[in-house]
Structures are given as C-alpha cells and as structure tokens.
Amino acid sequence: SQNCVVNDNTERVRELIEELTDKQKKVIKKVLYEEMNFTQISKEMKISVKNVSKHYNNALNYIEKNFFK
C-alpha cells in the first residue's frame, strides 16, 4: 500500500521529510506524528482541504521516489 514506506517511519523517512517544502513538511508531520486529519490541518494552517491533500500527496510522492536512492 501507499503508506507502507512512510509508516515504517525509519531514519530515512525523517531525513526525506526535512528535504520537503515548508508546507509539505508541516502537513506530513501533522498527519504522521500528530495524527491530524486534512480538515483539522486545513483549519490550523488556514488553507483549503484540497491544498492540504495536494501538499500531502506531493510529500508522499517525494518520499517514495527518493526512499531507495
């Protein structure tokens, strides 16, 4: 599944998270570490749920693409 790499939550994932844009980093940390949903994050960051989703998916794609490099 799409999340298996991320849920593994290894050192490598933490390194890759630090390479993300500020917004991507914020969103993925809130999902992974604070277990917030997109609606909660959108309220907190004052951006639309659609944008939260976009930042999250871009972050996941980046992590998956670069994980084994």
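**Close-up views of a predicted model**

**View 1. The largest nonpolar core.** Among the 17 residues of the largest nonpolar core, those touching the most other members are Ile17, Val27, Ile28, Ile41, Tyr56 and Ile63. Such a core is a set of buried Ala, Val, Leu, Ile, Met, Phe, Trp, Tyr and Cys residues joined through side-chain atoms within 4.5 Å; buried means under 20% relative accessible area, exposed over 50% (1.4 Å probe, protein chains only). At least two core residues come from each of helix H2 (11-18), helix H3 (22-33), H4 and helix H5 (49-66), and H5 gives the largest share, 5 residues. Helices here are DSSP runs (H or I, at least four residues), numbered from the N terminus.

This is a predicted model, where local features need pLDDT of at least 70 and side-chain atom pairs count only at pLDDT 80 or more, while totals for chains, interfaces and linings use all residues. Residues are numbered from 1 along each chain as its sequence is written, and side-chain values use heavy atoms, leaving out hydrogens and water.

**View 2. The two sides of H5.** Look here for the buried residues of H5: Val52, His55, Tyr56, Ala59, Leu60, Ile63 and Asn66. Seen down the helix axis, they fall within an arc of 150° (taken from the directions from the axis to the C-beta atoms), so they line one face of H5. The face turned away from this buried side carries exposed Lys50 and Lys65.

View 3. Ser42 belongs to helix H4 (residues 38-45) and is buried, at 11% relative accessible area. Its side chain reaches the backbone oxygen of Thr39 at 3.1 Å.

Key:
Polar contact = N/O pair within 3.5 Å; in protein donor to acceptor, adjacent residues only side chain to side chain.
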